[in-house]
Amino acid sequence: MTEIAPFARRRDPDRKEKILAAAAELVAARGFHAVSMADIGAQVGISGAAVYRHFDNKATLLLALFDRSLDGLLREESEIVDRREAIPDALRALIDRQVDFVVDEREFARVYYREVEHLSPDDQVRLRRKQRQYVEEWVHVVRELDPALDESAARVLVHATIGAIQSALVHNVGMPDDRLKAMLRRAACAVVGLPMEP
């Protein structure tokens, strides 16, 4: 008699990403402390206990969210700079990517800027190191665009440029995304002294 193998449950290979996306959405809407692992699981269609199979606790889940996003920004930034485009084009591409991040991924971006202090001091230091790495690449590009700038001045311009883009995170702008993106690009280019494309 042939034995029938027991039915094997298949795990969703995208489950971890779905958990991260659900966590970003819920924490952005409610705040870190108001969201439970059960809430995150329900959003994905699983139990809170199932979320713990992927993440030890909410803090590790939050850290995974931040790492994933910052690593993605750093990777894309490196690709832009490595393409060896003309410097104005490279700077425009950096601005475009930051604008897309803030507008298209605003839920996550809001989570990062509101909730990063809930991580351990060591994790905060590590994430800030990644942020500095991201900013420093911009600084090199800005100094190539204007060699008269010293590093401190270029860094001020970069922070002001990124800050102009991120201003959309602190209030509900109430306009279509394409119009918002165009306005943020114009503001960022003006701050850094980059002419808009014709």
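This briefing covers the cavity, the pockets and the salt bridges of one structure. The model is predicted: local features need pLDDT of at least 70, side-chain atom pairs count only at pLDDT 80 or more, and totals for chains, interfaces and linings use all residues. Residues are numbered from 1 along each chain as its sequence is written, and side-chain values use heavy atoms, with hydrogens and water left out. Helices are DSSP runs (H or I, at least four residues), numbered from the N terminus.

**Cavity**

- A search of the whole structure finds one cavity of 30 Å³ or more. On a 1 Å grid over the protein atoms alone, a cavity is a set of points where a 1.4 Å probe fits but cannot get out.
- The largest cavity has a volume of about 40 Å³. A volume is the space filled by probe spheres set on the points, with grid points joined across faces, edges and corners.
- Its lining consists of Ala23, Val27, Phe32, Ile40, Lys58, Leu61, Leu62 and Leu65. Lining residues have an atom within 4 Å of a point.
- Helix 1 (15-30) and helix 4 (58-82) each supply at least two residues of this lining. Helix 4 gives the most, with four residues.
- By class, the cavity lining has seven nonpolar residues, no polar and one charged. Nonpolar covers Ala, Val, Leu, Ile, Met, Phe, Trp, Tyr, Cys and Pro; charged covers Asp, Glu, Lys and Arg; the others, Gly among them, count as polar.

**Pockets**

- A pocket is an open set of grid points with protein on both sides within 12 Å along at least five of seven lines.
- The largest pocket holds about 310 Å³ of space. Of its 21 lining residues, Tyr113, Gln131, Tyr134, Val135 and Gln166 lie nearest its centre.
- Helix 4, helix 5, helix 6 (106-115), helix 7 and helix 8 (151-166) each give two or more residues to the lining of the largest pocket. Helix 7 gives the most, with six residues.
- The lining of the largest pocket has 11 nonpolar, six polar and four charged residues.
- The second largest pocket holds about 220 Å³. It is lined by 15 residues, and Arg68, Ser69, Phe101, Glu105 and Phe108 lie nearest its centre.
- Helix 1, helix 4, helix 5 and helix 6 each give two or more residues to the lining of the second largest pocket. Helix 4 gives the most, with six residues.
- The lining of the second largest pocket divides into five nonpolar, two polar and eight charged residues.

**Salt bridges**

- The count comes to 17 salt bridges. Each is a side-chain nitrogen of Lys or Arg within 4 Å of a carboxyl oxygen of Asp or Glu.
- Asp71 pairs with Lys130, with the closest N and O atoms 2.8 Å apart. The pair links helix 4 to helix 7 (residues 121-145), 59 residues apart.
- Asp71 is partly exposed at 33% relative accessibility, and Lys130 is buried at 15%. Buried means under 20% relative accessible area, exposed over 50%, and partly exposed in between (1.4 Å probe, protein chains only).
- Glu76 forms a salt bridge with Arg97, the closest N and O atoms being 2.1 Å apart. Glu76 is in helix 4 and Arg97 in helix 5 (residues 87-104), 21 residues apart.
- Glu76 is partly exposed at 25%, and Arg97 is buried at 18%.
- Asp104 bridges to Lys181, with the closest N and O atoms 3.0 Å apart. This pair links helix 5 to helix 9 (residues 177-192), 77 residues apart.
- Lys181 is buried, at 14% relative accessibility.
- Shared partners join Asp67, Asp71, Asp123, Arg126 and Lys130 into one salt-bridge network.
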